[in-house]
Amino acid sequence: MTTTRAASRTSDFRTDVLLGLSLPQKRLPSKYFYDAVGSRLFDQITKLDEYYLTRTELAIMRANAAAMAARCGSKCLLIELGAGSLVKARLLLDRLDRPAGFVPVDVSGDHLRAAANELAAEYPALAVHPTVADFTRPFEVPRVPAARPVIYFPGSTIGNFDPSEADTLLRHIARLAGPAGGLLLGLDLRKAPAVLGPAYNDAQGVTAAFNRNLLVRINRELGGDFDPAAFHHTAFYNLDQSRMEMHLVSATDQQVRVGDRVFPFRAGESIHTENSYKYDLANFTRRAAGCGLRVEETWTDADRYFAVLFLSV
Ligand code: AVJ
């Protein structure tokens, strides 16, 4: 990563944090969870009993990888948004017919290069093009002639976007994939709050540590003096909005400094740190159509907890 890029990324983080903490309902963008510590905590979350998402999506992928690869078609250029662990991408890569390449897109250059190197060693015949970009903003990917671009967006990460932002992203994906392209998308589905709640409130407190790590990151990178122990992790299902919300709730009346700014908190006042939308397949299909994407095939688990969709432009 160049110094200029690193510097502009720090200033994005600072701008977003100062802006978010100045709102009547304080909030912080969930994309900043994933520094090195946060990514490790998220990996731990994916292995928790309560966190059904990753395990269910993986089972769906394992059971249907051949059908998914067939949908991708031959000479596909697989473009993954968020370079994650690449476990799921491997399931596809193992079955694709003469893939034209693999483009992992991630905001973290270090993580991306490590993952891309590992993959390139395992698939010597595959052209791997790691691309450093924040996919919440417009970005470009390498053009490979005569290849069919298929965007792979697993993990229900789209659930972290508000509906209007998600529509913008879907339109961008449709444009990126082009007229012959496709989208393979992981979506978490609506379900009983009794299942959703514990997934974001695990008994071991890993999700709480993941949530509080955002304050630790602000302290370290932006010169903050948050006492993470003075904020309680809370997560609940917002039925009206069909979303899980995570917050950090101030335990006391307190003041927090970030750089040269001071933010007052009342006891019980929260910082809204994440939304995780849960989808209804019929609704989502309609919304995707409005963004230029047609659902071709849907795979789910027996409980209908999670779905993987193939959409074409
Ligand atoms: C990254 C979208 C899969 O919203 O479930 C996990 C992040 N937040 N526990 C989600 C997360 C709290 C996660 N995704």
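The model is predicted: local features need pLDDT of at least 70, side-chain atom pairs count only at pLDDT 80 or more, and totals for chains, interfaces and linings use all residues. Residues are numbered from 1 along each chain as its sequence is written.

**Overall fold**
- The chain has 9 helices and 13 strands. Helices (H or I, at least four residues) and strands (E, at least two) are DSSP runs, numbered from the N terminus.
- The radius of gyration is 20 Å, close to the 20 Å that the globule rule gives for 313 residues, so the chain is as compact as a globular protein of that length. The radius is taken over C-alpha atoms, and the rule is 2.2 Å times the number of residues to the power 0.38.
- Along its principal axes, the C-alpha trace spans about 60 × 45 × 35 Å.
- Of the 313 residues, 35% count as buried. Buried means 20 or more other C-beta atoms within 10 Å of a residue's own, exposed means 12 or fewer, and partly exposed lies in between; C-beta atoms are placed from the backbone.
- Among contacts between residues at least 6 apart in sequence, 70% join residues at least 24 apart. A contact requires C-beta atoms, placed from the backbone, within 7 Å.

**Seven-stranded sheet**
- An open sheet of 7 strands runs in the order S4-S3-S2-S5-S6-S13-S12, with mixed pairing. Two strands pair if DSSP finds at least two bridges between them.
- Strands S4 (131-132) and S12 (294-300) stand at the edges with a single partner strand each, so one side of each lacks a neighbour in the sheet.
- S5 (residues 148-153) and S6 (residues 182-188) pair in the parallel sense over 4 bridges. Phe 153 has Leu 185 as its bridge partner in S6.
- Leu 77 sits in S2 (residues 76-81). Leu 77 is buried, with 24 other C-beta atoms within 10 Å.
- Leaving aside neighbours within four places in sequence, the contacts of Leu 77 include Ala 100, Val 103, Val 144 and Pro 149.
- Leu 77 and Thr 273 are 196 residues apart in sequence and 34 Å apart in space, C-alpha to C-alpha.

**Four-stranded sheet**
- Another open sheet has 4 strands in the order S1-S11-S8-S7, again with mixed pairing. S1 (26-27) and S7 are its edges, each with a single partner strand, so one side of each has no neighbour in the sheet.
- S1 and S11 (residues 270-277) run parallel, joined by 2 bridges. Arg 27 stands opposite His 272 in S11.
- S7 (residues 231-238) and S8 (residues 243-250) pair in the antiparallel sense over 8 bridges. Ala 235 stands opposite Met 246 in S8.
- The hairpin of S7 and S8 has 4 residues between the strands, and Ser 242 takes a positive phi near 55 degrees.

**Nonpolar cores**
- A nonpolar core is a set of buried Ala, Val, Leu, Ile, Met, Phe, Trp, Tyr and Cys residues joined through C-beta atoms within 7 Å.
- The largest core has 46 residues; Leu 78, Leu 92, Val 150, Ile 151, Tyr 152 and Leu 183 touch the most other members.
- Apart from it lies another core of 18 residues, among them Leu 41, Phe 226, Val 256 and Ile 271.

**Ligand shell**
- Residues around the ligand include Ile 45, Leu 53, Ser 156, Asn 160, Tyr 200 and Glu 274. The cut-off is a C-beta atom, placed from the backbone, within 6 Å of the molecule.
- By class, the shell has 3 nonpolar, 7 polar and 1 charged residues. Ala, Val, Leu, Ile, Met, Phe, Trp, Tyr, Cys and Pro count as nonpolar, Asp, Glu, Lys and Arg as charged, and the others, Gly among them, as polar.

Terms used:
Two residues are in contact if their C-beta atoms, placed from the backbone, lie within 7 Å.
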